[in-house]
Every structure is written in C-alpha cells, then in structure tokens.
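Trainee: Could we go through this protein together, one question at a time?

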Amino acid sequence: MYFYQPSKGHGLPHDPFNAIIGPRPIGWISSRAADGVLNLAPYSFFNAFNYRPPIIGFASTGWKDSVRNITETGEFVWNLATRALAEAMNVTSTTLPPAVDEFALAGLTPAASQMVSVPRVAESPVAMECVKIDVIRLRSAAGEPVDSWLTLGEVVGVHIDEALLKDGVYDTAAALPILRAGGVGGYAQISPDVMFEMVRPDARR
C-alpha cells in the first residue's frame, strides 16, 4: 500500500485526493452579482446534503465570484452538466473578471427561474433553484481557517425535462450527466449501460 501524509506532500505526479474521491457530481452554479452581472461556474466539490428540505452545497477554493454573489443576493441555481454541454461547461470554468458574463461567453441561454431572480441554463435538462442557507469558511482539524468556502442552499424549485421522467420516475442515466474524475482534466459519464440496481436489505418494499 502506498502511504503518505497530506500535510507532508503526496510525492506523486498529481495529487490523488480528488481522483480517489470520484467521480464527483459537478456543481454548475449560476448566480447574479448585486449589480446584475450574471455568473456561471462549475465546482467539482459539490453534492446533496439533506432530503427534506432538500439541501445542496458546493465548496469553493478561494472567495470566488459565485460565493460573493450568493453572499450578497442569497440566491443561486444549480444546473445539470451533461455530455452535450461538457464543452460549454468547461468554458465557464475559466478564471475571468467579475464583469464577464459566462452565459454569453459560452453561448448559453439564461432562462428565467420561478422562485429566485437568478436564471438557469436553458440548455440544461435539470436545474434547481436555491436560497442560501449559509456560507461557511472551512477549518483544519487544528482549527486554522483555510481559503475554502462551503455554500449551502435549500432547493425551492426544480426544473426537469419531461423526457427524463419515465413513468414518473427520474431516469438518471438518460440525461448522460458528466462527473469530475480528478487529474488535470479527467471526467466520467453516466450512461444506461453502466447502471445497476441493488436494494438495501432493510428497504421497504
């Protein structure tokens, strides 16, 4: 077994941490600055944290535009990144000045949300409108603050392309979502042929 202490370095060509914890869903987050400028950026440290009420969150290394916007306005939208949208999503990952609108840069269409003022990506088949719960600065085990911020939001509205509802059940693989797989540019794709079902022993039938 290869062993290393992260505090002393990994000694490998690339940090394996985010490749081991992967593939990870992508937090493709749209937000609006206080002055109205739109922002769209992907975050690979993203997931769901609660069922009822539904809570999702993402961590940003550094106080980036998304975090600032959400702190100021209290709203954001998560958009599903799919294989068809991978290249556009990658364009929005570019580090840019706050005045740049990533929707326009990537050729994407902002579509009005119903519960928040932040638009969703019209081309994405799924979007979740969110209201900010908290923005938390992360700390080390020793209690030292690190330059990373966890943003949590309650989902107050959900948009789903009806083509993805099969007999009323959301078909995860049919959307061909992409996930971050670590490394410099590693990604994975979920497709129907890689899906399998396993019901936990104490599940209600």
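Trainee: Which residues does tryptophan 78 touch, not counting residues up to four places away in sequence?

Mentor: Happy to start there! This is a predicted model, where local features need pLDDT of at least 70, side-chain atom pairs count only at pLDDT 80 or more, and totals for chains, interfaces and linings use all residues. Residues are numbered from 1 along each chain as its sequence is written, and side-chain values use heavy atoms, leaving out hydrogens and water. With contact meaning heavy atoms within 4.5 Å, tryptophan 78 touches Ile26, Gly27, Trp28, Ile29, Phe46, Ile56, Val126, Ala127 and Met128.

Trainee: Which residues have the most contacts inside the largest nonpolar core?

Mentor: A nonpolar core is a set of buried Ala, Val, Leu, Ile, Met, Phe, Trp, Tyr and Cys residues joined through side-chain atoms within 4.5 Å. Buried means under 20% relative accessible area, exposed over 50%, and partly exposed in between (1.4 Å probe, protein chains only). The largest such core has 17 residues, and those with the most contacts inside it are Ile29, Ile56, Phe58, Phe76 and Trp78.

Trainee: Which elements each supply at least two residues of this core?

Mentor: Helices (H or I, at least four residues) and strands (E, at least two) are DSSP runs, numbered from the N terminus. By that naming, the elements are β3, β5, α2, β6, β9 and β10.

Trainee: Which residues of helix α2 are buried?

Mentor: Helix α2 covers residues 65-73. Its buried residues pack against β2 (27-32), β3 (38-43), β5 (55-61), β6 (75-79), β9 (126-139) and β10 (145-160). Just after the helix, glycine 74 takes a positive phi of about 80 degrees. The buried ones in α2 are Asp65, Ser66, Val67, Asn69 and Ile70.

Trainee: Is isoleucine 20 buried or exposed?

Mentor: Isoleucine 20 is found in helix α1, residues 17-20. Its relative accessible area is 60%. Because that is over 50%, isoleucine 20 counts as exposed.

Trainee: What radius of gyration does the protein have?

Mentor: The radius of gyration is taken over C-alpha atoms, and the globule rule is 2.2 Å times the number of residues to the power 0.38. With 205 residues, a compact globule would come out near 17 Å, and the protein's value agrees with that: 18 Å.
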